[in-house]
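Here is a friendly note from a colleague. Please keep the structure open while you go through the points.

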Amino acid sequence: MNFSLTDEQGFLREAAVNALSRIDTVAGARAALDGEPLPELWPTAREAGWTGLLVPEADGGAGLEAFDAMLVLEQCGRRLAAAGLIGHLAATLVLSRTEAEELLPALAEGARRAAIVLARPPAADEGWTVEAIGGGRASAPTLSADGRLTGAAGFQLDLTGADVLLVAAVDADCEPCVALVDPGVAEIEPITRCDASRPLAHVRFYGVPATRLGSGADALTEAWYVAQALLAADALGVVEAMLELSVSYAKDRHAFGRPIGSYQAIKQQIVEILRHAGTTRSLCFYAGYAAQARPQELALAASAARFAAEEAADYATRTCIAVHGGIGATWEHDGHLYWRRAQLSRLLLGGVGDAGDRVAEEIIERARVTAAAKAN
Amino acid sequence: MNLDDTPTQAEFRARARAWLAEHRHESPPQVRGLHVEDPAPYRVWQGELAQAGLVGVTWPVEYGGGGLGPSEEMIAADEIARAGCAQIVDHIAIGELGPTLIAYGTEEQKQRYVGLMLHGEEGWCQLFSEPAAGSDLAGITTRARVNDCGWVLNGQKVWTTLAQFADFGLLLARTDPDVPKHRGLTMFIVPMNAPGVTVRPLRLMSGSAPFNEIFLDDVQLAPDAVIGPVDGGWGVSITTLMYERLMALSAFEHLAPSPEALLEPLLGSPALNDGNVRRRIAELTVDRLALRYTAFRALSDLEGGRMPGPESGLGKIGVVEAGRKAAALISETLGPDALAGEWGELAAEMPGMRSAGGTEEILRNTIGERVLGLPPEPRLDKDVPFSELART
């Protein structure tokens with residue numbers, strides 16, 4: 001058994017810490033709330049080799065695993081960074097599973113940037129769905145037999161500035177397929193909802209030309225759950241940042257003649273952040289392991305990690321603000337920037353609700369199998 | 001990252017599996033938790049497991065152990081469970097007390113005790129907690145005084161698993177009350193059949209009596225009953241508690257119901273389609289799954305020669321939460337009948353479990369101070385002789 005970071009993974013993590021420490025992304029997240037553009041991190045991602053993390057070596061990438069990408073995303077969350085990686089990494093993963101490998105070298109190298117509109121794989125007898133622009137869920141965009149893409153998806157990450165756009169679509173027979181679209185013909189509407197630290201947009205396709213890259217049920221399912229795991233890792237980074245901030249303030253700030261961290265009422269809330277961080281980290285390991293070696297457990301593992309991570313980020317951000325007292329709730333303090341990231345994140349890509357529902361679905365099914373085996 | 005066996009681990013697993021396939025019919029029935037009505041058949045079974053190298057897997061070879069790592073120990077427990085057999089009954093002895101004796105005992109003591117312990121021929125219990133000293137373990141008042149024949153014990157212990165069936169207990173007592181509390185403690189071996197030792201079952205709110213109270217009235221011990229240095233018992237107890245923490249990592253995985261088992265009573269209920277019920281299922285499943293993968297991370301650290309930090313103890317909180325949430329969901333779904341059966345018992349165990357092995361609050365305080373470096377509460381008992389402290 002080896003369930004610890006390898007040396008290489010330790011280096012990857014350290015490199016991400018260092019690369020992201022050179023740009024004040026937290027200040028950038030605050031300024032973005034006033035309409036300033038986000039700091040450009042694509043050159044950082046490119047230089048660090050993150051753009052090719054999930055691209056096979058034969059196609060010019062690093063050929064690494066989802067878990068390695070999660071280590072980078074954790075550091076992005078910790079610094080409120082937006083490097084466009086969730087969309088790009090999920091898109092390159094899908095491309096590496098279809099017959100469009102010729103696109104990969106430029107994406108791996110970072111010369112071009114990819115994004116993807118992901119759809120939720122169906123549970124029970126529903127179809128493939130995306131986030132609806134007005135909230136709730138809508139059918140995935142449809143790709144007609146003559147190659148026209150029609151439909152819309154709301155609240156998508158990382159679309160802005162993409163050179164290559166993939167869409168999880170359904171064909172005339174309601175079968176899932178991967179559609180390749182020129183981002184220039186899609187209507188991409190940047191939006192801000194609560195959090196401005198990551199680019200968010202609605203996208204609409206009005207019968208635009210699209211290329212079908214093969215049927216993609218397996219690749220799209222894998223990409224959906226890997227994206228869940230990447231979001232979980234990003235949220236874990238938020239939890240870690242809240243833990244660091246809370247501990248440091250509780251040691252410094254004095255009240256009634258002693259540091260507030262010496263009071264059990266404060267200390268135990270901070271330890272609860274640590275507990276959430278540990279729980280989330282363990283489930284992120286599980287998700288990374290499943291992505292790599294247990295595909296039949298990926299839906300459970302990634303959904304469990306996502307569910308735990310978003311709940312943890314919600315608790316950690318609220319608690320960090322409370323530990324700081326009134327100052328924690330001011331515009332100048334960083335607390336609300338992380339809280340905003342957590343509040344929006346828990347609603348994206350199915351959100352914490354879908355993740356929980358999928359955990360229930362998977363574990364109920366396993367309980368049925370176990371009970372049936374016992375009955376025999 | 002992998003959960004695969006190394007070639008030597010695979011070989012160990014294959015040997016364990018083959019042996020268990022052949023001997024599984026000799027096992028007494030599996031039990032939930034740690035407690036049995038009559039340990040005799042379980043001790044015989046433990047002896048057989050020991051012959052097969054499945055007990056004391058991490059103990060040194062010279063004391064009858066396997067000299068292997070925590071992964072092999074988990075493999076042994078996995079294979080025993082997989083074969084439908086009972087786990088080691090004296091697992092507190094094997095996991096904590098034996099390793100403490102091996103670390104601190106004299107060669108004579110080790111030769112006398114640990115082999116018989118390993119093979120289930122002599123049962124052991126742990127005599128640390130007292131009615132007025134649990135979380136604050138160094139505040140114990142059981143007193144050991146020197147006399148012409150050795151030591152005389154007086155006091156009371158509590159929360160003692162399997163004491164009614166134990167031949168020996170490892171006991172922490174105060175030998176010097178006139179120094180600060182951590183400095184005047186000594187560890188002893190107590191024969192449980194010695195005159196003056198009374199064992200009384202302690203009935204819990206669930207109705208069962210898995211623990212005991214132990215009364216010690218002028219119990220005479222020989223001079224060689226001391227384990228480790230006189231007045232150095234605190235260090236010995238820290239070692240025992242460290243082994244307890246390591247054991248708890250994997251033990252919970254085998255003792256606590258699996259997420260699938262927690263859902264079994266609900267299968268077939270239309271409530272499983274209810275969104276709120278599904279959300280609650282997700283919450284308890286996530287709590288329970290996190291324990292498993294936290295244990296894997298900690299075991300992996302151990303394999304790599306890194307000691308898992310005290311924060312791994314936070315896993316207990318999640319297990320208790322998962323059990324409480326499952327019991328509540330099951331009784332709300334199935335109605336009051338569910339409170340009468342197995343799940344009602346589980347529900348009635350959870351409030352007390354919060355304090356098992358140290359209260360949640362002391363666990364959080366310790367971790368806040370030792371892991372996060374948060375400052376301690378001002379303490380009134382530091383550098384003050386124990387005899388001058390306010391006590392109840």
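This is a predicted model: local features need pLDDT of at least 70, side-chain atom pairs count only at pLDDT 80 or more; totals for chains, interfaces and linings use all residues.

1. Residues are numbered from 1 along each chain as its sequence is written, while chains are lettered from A and ligands numbered from 1 in the order in which they are written.

2. The contact draws 43 residues from chain A and 43 residues from chain B (residues are in contact if their C-beta atoms, placed from the backbone, lie within 7 Å). On the chain A side, H8(A) gives the largest share, 17 residues (helices are DSSP runs of H or I, at least four residues, numbered from the N terminus). That side of chain A has 23 nonpolar, 13 polar and seven charged residues (Ala, Val, Leu, Ile, Met, Phe, Trp, Tyr, Cys and Pro count as nonpolar, Asp, Glu, Lys and Arg as charged, the others, Gly among them, as polar).

3. Chain B is divided into domain 1 (8-89), domain 2 (124-235) and domain 3 (256-358), with bounds from an automatic or database domain assignment. The centres of domains 2 and 3 of chain B, taken over C-alpha atoms, are 33 Å apart. Four residues of domain 2 of chain B are in contact with five residues of domain 3 of chain B.

4. Do look at Ala229(A): among the residues that this alanine touches are Met70(A), Cys284(A) and Ala305(A), not counting residues up to four places away in sequence.

Note on methods. Two residues are in contact if their C-beta atoms, placed from the backbone, lie within 7 Å. Helices (H or I, at least four residues) and strands (E, at least two) are DSSP runs, numbered from the N terminus.
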